[in-house]
Amino acid sequence: NAVEPFDYVIFGATGDLTMRKLLPAFYYRMLAGQVPDSARIIGTARSPLSRTEYQGRAREALDKFVAKADLDEARVEAFLNMLYYVSLNGADPEGKWADLKASLAGGEGKARVFYFSTAPNLYRAVAENLHAQELITPKTRVVLEKPIGIDQESAREINDGVGRYFQEGQIFRIDHYLGKETVQDIIALRFANPVLNAVWSAEYIDYVQITAAETVGVEGRAGYYDGSGALRDMIQNHLLQVLSVVAMEKPASLDADAVRDAKVKVLQALKPLTAEMVKDHAVRAQYVAGESGGKEVPGYLTELGHESGTETFAAVRAEIATPRWAGVPFYIRSAKRLTRKVSEVVIAFKKTDHGLFPEGDRPQVLVIRIQPDEGVSLSIEAKDPSRDDMALREATLDVSFGPTFKVRYPDAYERLLLDAVRGYPVLFIRRDEVEAAWSWVEPVLESWKANKAPVETYKAGSWGPEAAKALLARDGHAWHEDM
Ligand code: BG6
C-alpha cells in the first residue's frame, strides 16, 4: 500500500550509499506502488549540480544497481521526475537554505524525512540548521545513517546533538541488517515454531556463530574504512543487532518498544570484556595479497598505500549473562576479502548421549542464511539405508525462501526508507541500544589501540587467520566451514 504523501530530503545525496542503495530502493518501492505520485525526493550535497545533472547521475545509478528486467523507461522517467537537487552544505548555517526551503514549499502538511548520510560528526550541525531554518514540522523524522560515532563518547555527542532538535520518537537510527527479511525471520522462526522455541537455550544449544563475510575489499571507501575497521563497521552495529534478535527473551508484543526493550536487555547483559581479556576473546587481522573471485588481488596495505593497524577481519567471543544463555559462547566475525559472501547465524546444538547407535555422534546444526540464498537448514540424523545395522547418516532439512515463496528478496533499504515515512520504528535502533553496543566493544577498541593484541594476517580469498580458528578450537568448537 502507498504510504502517505512525503518529501524526503537526503543529505549526502551524491554519495555512494545514495546511488547504490537509496535511489534504487525508492525506485523499487515506486514499482511496488508504495510511493505516491506527489512524493518528492530532494537530494542535497555540496557539489554545484543542476537538477538535470543530478537526474542524469540518478539514471546511471539505476542502470547500474537495478536489475535490467525491472528497468522500464516510463517508470524511470516518472521516478526521475520526483527527484530534485539542492546544492547545499547542510553543516553550514550560511548555506543555501533558501533553496531547500523553496523546494519544500507546499509540503508543510506532508510527512517529511531528513536522511543524514554525511559524515556523522556533522549530524548535530545539520540538525541545528534545520531547526534554525524552521524546517522541522510536527510530521518530520530524521534518519541517521551509521556509524553513530566512533566510540561511546562520540555516539553520545551525536545523540545529544541531534536530540536537542528532534525527540527520540522522531529519530530513526538505521541499521540495514534489521531491514533484511531474514533477520526479521529470526523472530518468526523462534517464536512461531514450538519445535525451535523449546530448544532455544543453554540447555540445548552449545554455541552460536554469527558471520558476515564479504569478498570485496575496501573498494573506494578506504578513507572511511581505515578510520573504522571491521569491528566498528560491522560488529558494533549489524552483528550485535543480529545477536540481540537471536538471544532476546520473547518480547511482550511486536511493538517497537517491546522489541527494542527485549533487544537492549541482551546488549546490556553481554559479559563485559576487560582490556586484559581481549587478546583471548578477540582476533583482528588484515588481508594480504591473494585470489578473490578468480583474480589476483592486492593486500589491504597495498590498496591503502600506507601503514595501518586497522583490521579488515574481526572476531569476538561473547557471552550473555542471563539464565537462558549461561555458558554459551557467541562467536561473532566479519571481514572483507573472505572466500565467499555470506551472512548467517549458525546454532550448534549439544550432542545428545543417545547410547543406542553404533556411530553418528555429530551435533545438530541449524543455519539461518541471512544472505544469499535466504533460508534455513537443519541437519538431522537418519538411519543409513545402505547398512543393515542401525548406523546413522546425516541429512539436511533445507528450505530456500526465495523459490518457496516465489518472491524477490527486497533490499533492506526499501523497507526501511518507507518505514521512516510511516513513522514505524521497530526496525530502527533506539539510543540505549547504540550506547550499550558501544559500551561492550569499547574495551576491544582500547586494547587494540594500545596494541595489546597482534594484527594477524590472512590471505585474500581465505576464511581468515589461523588465530580465528584457534579462538574456537580452545573451546573445542569450529567455524561453520570447518564443521
Ligand atoms: C555496511 C558496511 O554497513 O554494510 C560495509 O559499512 C559493508 O562495509 C556493508 O560492505 C555490508 O552490507 P550487506 O548488506 O552487503 O551485508
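**Entry 1: the annotated histidine**

I started at His 238, which sits in helix H10. This is a predicted model, so I keep that in mind throughout. Is His 238 buried or exposed? I found 1% relative accessibility, and because buried means under 20%, His 238 counts as buried. Next I looked for its partners beyond four places in sequence, and found contacts with Lys 146, Asp 175, His 176, Tyr 177 and Asp 233.

**Entry 2: around the ligand**

I then turned to the ligand and listed what surrounds it. His 238 is there, along with Lys 146, His 176, Tyr 177, Lys 180, Glu 214, Arg 221, Asp 233, Met 234, Lys 336, Lys 341 and Gln 371. Sorted by class, I get seven charged, three polar and two nonpolar residues in this shell. Which element gives the most to the shell? My tally points to helix H10, residues 230-247, with three residues.

I looked at polar pairs next. A side-chain N or O atom of Lys 146 lies 2.8 Å from an oxygen atom of the ligand. For Lys 336 I read 2.8 Å as well, again from a side-chain N or O atom to a ligand oxygen. Gln 371 places a polar side-chain atom 2.8 Å from an oxygen atom of the ligand. How much of the ligand does the protein cover? On its own the ligand has 400 Å² of accessible area, and the protein covers 83% of that.

Pro 147 belongs to the loop that runs between strand E5 (140-144) and helix H6 (152-163). I placed Pro 372 in the loop between strand E14 (365-371) and strand E15 (375-383).

**Entry 3: positive phi values**

I stayed in the E14 to E15 loop for Asp 373. Its phi is near 45°, a positive value for a residue other than glycine. At 41% relative accessibility, I put Asp 373 down as partly exposed. Asn 451 is another non-glycine residue with positive phi, near 60°. I found Asn 451 in the loop between helix H16 (431-449) and strand E18 (455-459). Is Asn 451 buried or exposed? It comes out at 58% relative accessibility, and because exposed means over 50%, Asn 451 counts as exposed.

**Entry 4: Ala 282**

I moved on to strand E8, residues 282-288, and looked at Ala 282. With 5% relative accessibility, I count Ala 282 as buried. What touches Ala 282, leaving aside neighbours within four places in sequence? I listed Ala 315, Val 316, Val 444, Trp 448 and Leu 471. I also took the distance to Ala 318, 36 residues away along the chain: the two C-alpha atoms are 9.1 Å apart.

**Entry 5: the annotated domain**

Last, I looked up the domain record. In an unreviewed entry, UniProt gives residues 9-184 as "Glucose-6-phosphate dehydrogenase NAD-binding". I find 42% helix and 16% strand in this span, and its end C-alpha atoms are 27 Å apart.

Note on methods: Residues numbered from 1 in each chain as written. Predicted model: local features only at pLDDT ≥ 70, side-chain atom pairs only at ≥ 80, totals over all residues. Heavy atoms only, no water. UniProt positions renumbered as here; feature names shortened; annotations may be inferred. Helix = DSSP H or I, 4+ residues; strand = E, 2+ residues; numbered from the N terminus. Near = heavy atom within 4 Å. Polar contact = N/O pair within 3.5 Å; in protein donor to acceptor, adjacent residues only side chain to side chain. Areas by Shrake-Rupley, 256 points an atom, 1.4 Å probe, with all protein chains shown as cover. Nonpolar A, V, L, I, M, F, W, Y, C, P; charged D, E, K, R; others polar. Buried < 20%, exposed > 50% of the residue type's maximum accessible area, 1.4 Å probe, protein only. Contact = heavy atoms within 4.5 Å.
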